[in-house]
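Good morning, and thank you for joining this group meeting. I would ask you to look at the structure on the screen while I guide you through some of its features.

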Amino acid sequence: MLDRIEEIRKDAEQAIRACADPKALDLLRARYLGRGDGMLTEILRGIGTLDAALRPKVGEVAGRAKNEIAALLEEARARLDSRPEAAQAGFDTTLPGRRPALGRRHLLTQITDELVGIFERIGFSLADGPEVETEYHNFDALNTPADHPARDLHDTFYLEEGGLLLRTHTSTVQVRTMEQMPPPVRVISAGRCYRRDTPDATHHFVFHQIEGLWVDKGVTFGDLKGVIIYLAHQLFGEEVQVRFRPHFFPFTEPSAEYDFSCIFCKGEGCRVCKRTGWIEIAGAGMVDPAVFEAVGYDPEAVTGFAFGMGIDRLGMLKYGVDDIRAFLESDLRFIEQF
Ligand SMILES: [Zn+2]
């Protein structure tokens, strides 16, 4: 009889320690300690039929086994209750997990960071400004008064609040920077710009510009050319050539557009450069004295140049993206390629 009790105790201990499910634990309690037919319950109930000499010993051993099993059940219950929520609900921890999607920088962000890095290496620092601008910062301070024909070049989104608009270029940041600090100034700014436009493969009403401004005593057009040539070589390699064509912008005088020799055909003529061997990049020029006057700089004391370019356009060129809309459509199939 004592052997039988020890056997039940060992059996119960093993089963309870291995139990990983609250419902199975209830069944184990019933199996060993159940009021009706629990294995130990039956033994305890049968003690009265034993030899009087055996009764005390069997009673003591069976009682101890019962207490031990009860303690093991308590312990197992606490262990199961302290598991994480998901495990209590029957979550199978042996299943392979779902890999969380890894984020990455958008192609436009990568290009912007690359451009910012290129200019920071020659002493430019990054300046920032708001996308909702005043008419003054977007036009007036940039030598483009209300009746100036150049305002027609920009199809502007005006806000209902008087005098506010979505900036049509990042040149607004030049004005804000010069208003805040005396010369010398050497800054770049990058960000979203807005113009009314019907989206197609090469146009969008949201686009991205990066813009540079260098103002100091004795800055010349030669310095501007040096910076643009440096940019071309950093971006596309030493063999890229740069050419400047006269142009007009209200806020620079003289103004120019600059082209890079075609990086695809090395200047021989192809589909991308429309057989010209040159790819139009953007505009630049010497800061107009009227702009210096608007921000309180002395045009007799300092000179400077400004240049800008479309980040979307550079991205299309460098990475062979043939539709500007892809940058803004948030299609993961596109975004994950870069
Ligand atoms: Zn070409």
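I begin with two helices, H1 and H4, whose axes come within 10 Å and cross at roughly 0°. An angle under 35 degrees counts as roughly parallel, and H1 and H4 are therefore roughly parallel to each other. Please keep in mind that this is a predicted model.

Which residues make this contact? From H1 come Leu2, Ile5, Arg9, Ala12, Glu13, Ile16 and Arg17. Sorted by class, the contact of H1 with H4 has 12 nonpolar and 7 charged residues, and no polar ones.

Let us stay with H4 for a moment. The helix covers residues 55–81, which is 27 residues. From its first C-alpha to its last, H4 reaches 39 Å, close to the 39 Å expected at 1.5 Å a residue. Which residues of H4 are buried? They are Val58, Val61, Ala62, Ala65, Ile69, Leu72, Leu73, Ala76 and Leu80. As a general point, an α-helix has 3.6 residues a turn, so residues three or four places apart point the same way.

I now bring in a further helix, H3, which spans residues 39–46. H3 packs against H4 at an angle of about 155°, and the two axes are 10 Å apart. H3 and H4 are therefore roughly antiparallel to each other, and H3 passes H4 in a left-handed crossing. On the H3 side of the contact are Leu40, Ile43 and Leu44, while H4 supplies Ala62, Gly63, Ala65, Lys66 and Ile69. This contact of H3 with H4 comprises 6 nonpolar residues, 1 polar and 1 charged.

H3 also packs against H1, which runs over residues 2–18. Their axes come within 10 Å and cross at roughly 155°, which makes H1 roughly antiparallel to H3. The crossing of H1 past H3 is left-handed. Arg4, Ile5 and Ile8 of H1 form the contact with Met39, Leu40 and Ile43 of H3. Of the residues in this contact of H1 with H3, 5 are nonpolar, none is polar and 1 is charged.

Is Leu235 buried or exposed? With a relative accessible area of 8%, Leu235 is buried. Setting aside residues up to four places away in sequence, Leu235 touches Glu114, Leu115, Ile118, Leu314 and Lys318.

Most residues other than glycine have a negative phi, and most peptide bonds are trans. Where does this model depart from that pattern? A cis peptide bond joins Pro183 and Pro184, with omega about 5°. Pro184 lies in the loop between helix H8 and strand E4. The bond from Glu253 to Pro254 is also cis, with omega near -5°, and Pro254 is placed in strand E7.

Asn143 has a positive phi of about 60° although it is not a glycine. This residue sits in the loop between helix H7 and strand E3 and is partly exposed, at 24% relative accessible area. Lys274, again not a glycine, has a positive phi of about 55°. Lys274 belongs to the loop between E7 and strand E8, and its relative accessibility of 68% counts as exposed.

Thank you for your attention.

Notes
Residues are numbered from 1 along each chain as its sequence is written. This is a predicted model: local features need pLDDT of at least 70, side-chain atom pairs count only at pLDDT 80 or more; totals for chains, interfaces and linings use all residues. Side-chain values use heavy atoms; hydrogens and water are left out. Helices (H or I, at least four residues) and strands (E, at least two) are DSSP runs, numbered from the N terminus. The expected span of a helix is 1.5 Å times one less than its number of residues. Buried means under 20% relative accessible area, exposed over 50%, partly exposed in between (1.4 Å probe, protein chains only). Axes are lines fitted to C-alpha atoms, for helices over the stretch in contact, and angles run from 0 to 180 degrees between N-to-C directions. Angles under 35 degrees count as roughly parallel, over 145 as roughly antiparallel, 65 to 115 as roughly perpendicular and the rest as oblique. A crossing is left-handed if the near helix is turned anticlockwise from the far one by less than a right angle, and right-handed if clockwise. Contact means heavy atoms within 4.5 Å. Ala, Val, Leu, Ile, Met, Phe, Trp, Tyr, Cys and Pro count as nonpolar, Asp, Glu, Lys and Arg as charged, and the others, Gly among them, as polar.
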